[in-house]
Amino acid sequence: MATLTRRVLQPISRTPEGAVQISYSDLTSQPDTLLPSIEEAFGSSPKSLGIIIVRDLPPTFNQYRERLLHLAHKFADLDESTREKYIDPASSYSFGWSHGKEIMNGQPDTLKGSFYANPVVDTPTVPEEEKKQFPEYYGSNIWPTEPETEGFEDAFKDLGRFIFKIGTELAAACQPFALAHLDSSIPSLPELISTSQTTKSRLLHYFPPPDDFVSSEDEPIDSWCGFHLDHSLLTGLCSAMFIKHGPNGPEVVGSPSPSSGLYIRSRGGDLTKVSIPQDCLAFQTGEALELATGKRLRATPHCVRVGATPAGAKISRETFVVFMQPNSDQKLNSEETFGQFSKRIFAEHYDPQNSGSM
């Protein structure tokens with residue numbers, strides 16, 4: 001008689017700050033043993049942060065991360081007229097360069113600039129009517145051609161596709177847990193992500209605080225990026241790189257303050273600073289997943305804080321995120337498709353006068 005072997009569930013592991021962490025080797029070889037960790041990270045517990053850290057990544061990750069984040073700084077260091085060559089108003093600035101178009105805390109957000117592209121699909125193959133209705137997702141990628149940013153497209157795609165692959169694998173590991181909460185008409189999480197043509201990556205450059213910026217530990221928590229929810233299913237993000245502008249040129253430095261970084265409000269309302277190690281990735285739940293599960297899996301509000309920095313220090317912050325989400329015609333519930341939901345979100349965060357077709 002054949003002997004059935006039962007896999008031993010992996011114990012829940014946490015970072016020093018309390019975020020759940022898993023090993024990539026377990027994710028690929030025995031994902032079914034990670035269910036307790038996934039439920040702890042993404043479930044309805046008051047302590048759930050809606051984020052999971054993936055460690056023990058292939059060594060190519062560090063190479064991809066460093067190459068792209070250095071290029072983020074180089075692009076942002078171009079003069080404004082050059083950067084503005086790569087804007088796309090028709091997509092509500094959702095392809096190419098965007099600076100000062102997003103509304104945060106009721107004001108145009110000029111503290112950071114973003115470069116958007118789809119790392120998986122250069123030109124989506126959807127009906128023309130769908131492209132016209134949702135230019136934010138179905139536009140064509142724009143790539144800089146300046147000598148200073150040589151290799152930008154390849155670097156963007158390499159890191160974006162790396163994160164997308166791991167995000168799809170994590171979605172497959174989440175499926176047994178999410179299955180009990182997803183509407184029966186909705187495909188599996190990995191299918192929603194892997195077949196989508198709306199994947200969007202965002203390369204972020206947080207400009208050094210202006211000279212008149214008063215940096216202290218008493219500043220608002222959301223001083224660099226206001227509290228918000230991602231509107232994806234899953235969002236993958238890497239740790240930030242800090243670059244100091246000095247007399248000898250730019251140099252990579254440590255975080256300017258122990259309080260700088262990502263802050264997440266747990267499902268129970270507690271505020272927690274979460275650090276992502278340089279050799280790890282993090283994945284957060286988004287609002288689309290919250291809607292698709294009838295709010296049983298909730299997106300958690302998060303923000304970025306400057307923290308106290310040395311007077312006059314010119315330190316920028318570079319980072320990269322990948323939003324994994326369904327196609328625009330995919331229903332999230334009986335009332336709304338992802339496209340309709342996205343239109344609502346764009347209306348909240350972008351000034352219609354600056355949003356092209358919006």
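Trainee: Is Glu 153 buried, partly exposed or exposed?
Mentor: Buried means under 20% relative accessible area, exposed over 50%, and partly exposed in between (1.4 Å probe, protein chains only). At 28%, Glu 153 is partly exposed. This is a predicted model, where local features need pLDDT of at least 70 and side-chain atom pairs count only at pLDDT 80 or more, while totals for chains, interfaces and linings use all residues. Residues are numbered from 1 along each chain as its sequence is written, and side-chain values use heavy atoms, leaving out hydrogens and water.

Trainee: Which residue forms a salt bridge with Glu 153?
Mentor: Side chains of opposite charge can pair when their charged atoms come close. The criterion for a salt bridge is a side-chain nitrogen of Lys or Arg within 4 Å of a carboxyl oxygen of Asp or Glu. Here the partner is Lys 157, with the closest N and O atoms 2.8 Å apart. Both residues, Glu 153 and Lys 157, lie in helix 7, four residues apart; helices (H or I, at least four residues) and strands (E, at least two) are DSSP runs, numbered from the N terminus.

Trainee: What does Lys 157 meet in the other salt bridge?
Mentor: Asp 122, at 2.7 Å from N to O. That pair links distant parts of the chain, 35 residues apart, with Asp 122 in the loop between strand 7 and helix 5. Lys 157 is buried at 10%, whereas Asp 122 is partly exposed at 32%.

Trainee: How many salt bridges does the whole structure hold?
Mentor: The search finds 10.
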